[in-house]
Each structure stands twice: as C-alpha cells, then as structure tokens.
Amino acid sequence: MLTILFDGIAYGMLLFVLACGLAITLGLMNFVNLAHGAFAMAGGYATVVMVNWLGIPFIFSLPLAFFVTAALGLVLERTLYRHLYGRTHLDQVLFSIGLVFMAIASMDYLMGSSQQFYKLPEALKGQFDVFGVGIGRYRLLIVVICGLLALGLQIVLAKSLFGARLRAAVDDPRVARGLGIPVNSVFAITFAVGSGLAGLGGALATEITGLDPTFPLKFMLYFLIVVTVGGTSSLTGPLLAALLLGITDVTGKYLAPQFGAFFIYAVMILILTLRPQGLFSREK
Amino acid sequence: MRMSSREVSSSEIKTTQPALTPQAFLLAKTKWRWPEVAFWLVAFSLIWLMPNRHLLLNEIAILGLFALSIDLILGFAGIISLGHAAFFGLGAYAAGLMAKHGIGEPVVGLLVAGGIAGIAGFFSSFLILRGSDLTRLMITLGVALIFHEIANRMAWLTGGADGLLGIIIPPILGQFEFDFRGATAYTYSLVVLFLLFLLARRIIHSPFGLSLKALKDNRLRAGTIGIASARRIVAIYTLAAAYAGIAGGLLTQTTAFVSLEVLDFARSADALLVLVIGGSGYLYGGPIGAIFFKIMKDGLSALTPAYWLFWMGFALVVLVLVGRDRITGFADRLFAPVVALFGRKAR
C-alpha cells in the first residue's frame, strides 16, 4: 500500500516536472500552449537517440535533453510563438493544436509509430526496501530531481532579479519596457526554460509512461489539469495538484482499473466548475 | 465654406438615412440574397450532377452540419469548445443502438439522437457558465474524454474498440432505400442540413440571436442592459449539442457503422479547422469550410496517406499566423459584393 503511495508521489513529481514549464508559460505569460507536450516528446526522443544510438550515458543525456528542447523552444518562440502573445485564446489554441499535429506526424515519420525505450543503467534498476516499503530506485531519482527543481524554480521566480523582471514584464509589458527591462528576451528565455523543463520531463517519463508519437495528445489534459487545478499564483499550487493527480491516478489504476481515467476527468470537471481559478489560488 | 457645410450636412443625411426601425433592421438582415439561393441550388443539383461523388458529398454535408453546430456556440456566443465530438458521438451511438435494437426508422432515429445529445448538452452547459476560456476549454475537453472512456468501457453496449456492428437501416419513412452509391444518403443528409440550417438562420436573426452576439462582444455590458447571459448560453449550447447529435446520427445511418472514432479529439479539432477555413459567425462557414476541408483532405491523403495529420496541423498554424481576420478581410475585399450579399456585416 505504501509502495503504491510512493509510486503515486513519484508519478506526481514526474507530472510536475513535465508541467511546470507550462505553469510558467500559461500561468505567468497567459499563453494557452497546448503544444507543451510536444516539447516533452522531443526531449524523450532526444534521450532515446542519445542513449541508444550515440551511447551517451543516461545521466548525462538528461541535461542534454533539457538543452536540446530549450534550444528548440527558443527557435520556435523567436520564429512563431512571439507573434501570438497578444492574440485571442482561440488563436493560441488553434495554433498550438496545429503544432501538436505537426509534431505527431513528424515523429511518426522520423522514428516510427512504435513505443520507444532506452536502456537504463544497472544502478537505477530494481528497488530496495525501507522499513518494508519497496522503493524503486528510478522513482527515487525522479523524486529527488523534481524536489530540487521545484525548490530552485521557486527561488528563481520569487527571489532573483530575473524572476522580478519576468513578473514585471508579465504584469505590464509597456511599463516594464520603459523601466529598461528587455521584455522580449525575458519572455524568450522563460519560454526556452519552460520548454527545456518539458524536455527533461519527457526524458524522465519515457521509462514510466512509455513514449510514442501520440504522447503530446495523451498527456495534454494531464498537464493542463496540473496548471489549472493548481492555480497559477505560485508553483506550490501546481506541485500540490501534480501530487494529488499522480497519487489519484496510480491508486485508481491499482485499485479500480475498470474505471480507467474516468475518475480523474470527473474530479477535474467538478473542481473547475466550483473553483474556476484553481484549487490553490486566490480569487482574482 | 458654404460648399463644405453643405457637404457635411449631406453626409449627415447619408449616415442617418439607413437608420431603420429595429424591426425593419432585423427584417432586412433576414432577407435571402441570391448567393445564398445559388449555394443551396448548387448543393441540391449535385444530387444529379455528380452521381459518382455522392459518398464524399455525404461526408461533406455531415461535416458541414457538425461545424455549423460549433459555429452556433463559437461564432455567435464566443464559447471555445474542444470537446464538441462528445455530442456528435452520443448522437451517433444513439442512432446506432436504436437501429440495432429494432427501431431503425431513420427520421425517428435522428430525432432521438438529437434529443439525447441535446439533453446531455443541457446538463453540461451548466459546467461552462463560469470561468475563463481556459477552464471552459478544459471542461469541454474533459466531458468529451469522459464520454470516450464510457463508450470504451461499456463494450457490451457499444462494441468498444471494435465498433458497433450489425446496424441495419430501413428505408427512410419506409419509402427511400439506402443504396451503395450513396445517392439516398447524400440527398437525406443534405435535406437534413438544409432544414437545420433554415432553423439556425431563423434563430440567429431573431432577437434571441442578436442578444447572443451582444453577449459574445461584452458579457458584462450585455448583462447591464438586462440580457440574462446564463440562460442564453444554456439555450444555445443545448441547441448546438442537439445539432451535433443529429450530425452524428446522420453519419451512423448513412454508413451503418459506429466506432469510438466518433468521439475522438481529432473530430473536434477537424471541425474547428473547418470553421477556421470557412470563417465563423455567418452560418455558411461550416458548410463552405467543410467543402474545402474534405477536398484538401482527399487530395493530401492521396499524396501522403500516413501524414495527413501533418498537413492539417500545418494548415492550422499558417491560417492562425497569417491571421484569420486578415484572411477573411482579404476575402471580404476580394469578394466584397458576394460576401455582402451573403449577409455578412462588413467590418
């Protein structure tokens, strides 16, 4: 039972890594980016290529996956996304769905439609017992990475100069520009980091969720749940929402597999109907 | 000096001249223009002119109806939905199950399909009254996913992933038998589309339709002049759901098959793309967009069958980047006389 709980926590942490980039772009920059999962998929495939084809050790391929996707995010932001910041949500939705479809078809073309795997190093396989609770090594790694990430992001956003500039740029781009804040580059960097985090999440997720070209669509709603249910006022909300979602999902799959994801959708609709601003957010 | 003042006064007269009474204004908008008549004449004449293409035409009519139902909520009430396939699929399964269990009469089946989808739309409309675009988008998507999940799990009823087999559709009203070439199917779908289009046109040009547009533009302001926004959104959402259900029912009856595909996310996205191509907010966007969409899909699938999805995404990205307004604006200028005759207000 506790093992299930731990698996749930690890899964929730994984969802947080995948979605925290979205929490920044959607939550702070107010851009409805449904293509966030496409960046996660790119990170996953990048890892598969690096580990299986180029023989780069798994541990080193994780930061590389981050940088590859961040670069991809930066290029797309500069060429495409930045034209859409001021547009309506409908435009953003249509645009990012289009990107998702293109990403799915391209990956299908490049890598085939089958599930992809990579070889984990021996040190990360198996599990060990702590007071009778089986803990998977790989899942422990995820929990540690995610914990560090959450802490680091929170510090950067709340305490650093960059975080302050970002918040200023989001609140009022014009005034921020007037104060000498390079709004465009702040947005570009933020977007790139957000995409990179998605890529890192995708790299970590391949082992647990599997990776195939439909990944962005399958998990689109999960990312959105984390952000909208968590609320967007801080990163604590999405973290709690991700943990809640992960634990519920894993427990549900163990205890009542016949319901599938039904329960999660229902809870999401209920929460969003009662609290449209999210569970952990102040009323705007 | 005198000249200019006379000009001013004459232009004033010009601007005040078309000020009609509200009734006259509404009546003027409801008048049929010749391109509209031509559109439907061509659509009906295709029954005889393109007998080899009836199956494709049938698909276009159904997709057009489905897109029209989204246009009702998106173009006239400003509600973004990513899960309209829920109602399409519900209607499709309702029609399929009825036909499988003995009550196969197509018209009755359609009415029931629309009714059931409408009831579902009525209840789910209360979920989308509050919140932002984003929450609405997620709730509609969530509802569609729940429907998909239910249909998948209740395999004893729906056939699950294998689809619902053994649907036999008797002749329409006991008179018109469905044929393999799709002549009856196309005629049937087109007639249904036309009738529902007439109804939508009537509703949109009614005071109710005008109040919807007010809501879309500014909900707060609409509220202050006494428009009960919640009730109107419930009403139009219910209606749109019923339309989608009927479209789903048509698909089942004309193909004698239902599978989980009817509830797919891609179906909702397809219809949105249709509306982006055809333009929303003037009712013809659905049918016209469906024509372009199906022709494009047919052509591109023939070129690269597996990667049709890529081109669809590409079309979406380009259309949005270039700007939907700019495209319709360009079309407005290019076809200004035609568009004006279609009854679309020049921006």
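This is a predicted model: local features need pLDDT of at least 70, side-chain atom pairs count only at pLDDT 80 or more; totals for chains, interfaces and linings use all residues.

Biologist: How is the size of an interface often given?

Modeller: The size of an interface is often stated as the accessible area that is lost when the parts come together. Here, chain A and chain B bury about 3,600 Å² between them, with 82% of that area on carbon and sulfur atoms. In terms of residues, 44 of chain A are in contact with 37 of chain B.

Biologist: How many salt bridges and how many residue pairs in polar contact are counted between chain A and chain B?

Modeller: The count of salt bridges between chain A and chain B is zero, while two residue pairs are in polar contact, both at pLDDT 80 or more.

Biologist: Which helix of chain A gives the most to the side that touches chain B?

Modeller: Helix 4 of chain A gives the most, with 16 residues. The side of chain A that touches chain B comprises 32 nonpolar, nine polar and three charged residues.

Biologist: How are two packed helices described?

Modeller: One states the angle between their axes and the distance between the axes. In chain B, the axes of helix 4 (residues 54–77) and helix 10 (residues 207–217) come within 7 Å and cross at roughly 60°. These two helices of chain B are therefore oblique to each other.

Biologist: Which residues of helix 4 of chain B meet helix 10 of chain B?

Modeller: Leu74(B), Gly75(B), Phe76(B) and Ala77(B) in helix 4 meet Leu212(B), Lys213(B) and Lys216(B) in helix 10. The residues of this contact divide into four nonpolar, one polar and two charged.

Definitions and conventions. Residues are numbered from 1 along each chain as its sequence is written. Chains are lettered from A and ligands numbered from 1 in the order in which they are written. Side-chain values use heavy atoms; hydrogens and water are left out. Contact means heavy atoms within 4.5 Å. Buried area is the accessible area (1.4 Å probe) that two parts lose on being put together, summed over both. A salt bridge is a side-chain nitrogen of Lys or Arg within 4 Å of a carboxyl oxygen of Asp or Glu. A polar contact is a pair of N or O atoms within 3.5 Å; within protein, one must be able to donate a hydrogen and the other to accept it, and residues adjacent in sequence count only if both atoms are side-chain atoms. Helices (H or I, at least four residues) and strands (E, at least two) are DSSP runs, numbered from the N terminus. Ala, Val, Leu, Ile, Met, Phe, Trp, Tyr, Cys and Pro count as nonpolar, Asp, Glu, Lys and Arg as charged, and the others, Gly among them, as polar. Axes are lines fitted to C-alpha atoms, for helices over the stretch in contact, and angles run from 0 to 180 degrees between N-to-C directions. Angles under 35 degrees count as roughly parallel, over 145 as roughly antiparallel, 65 to 115 as roughly perpendicular and the rest as oblique.
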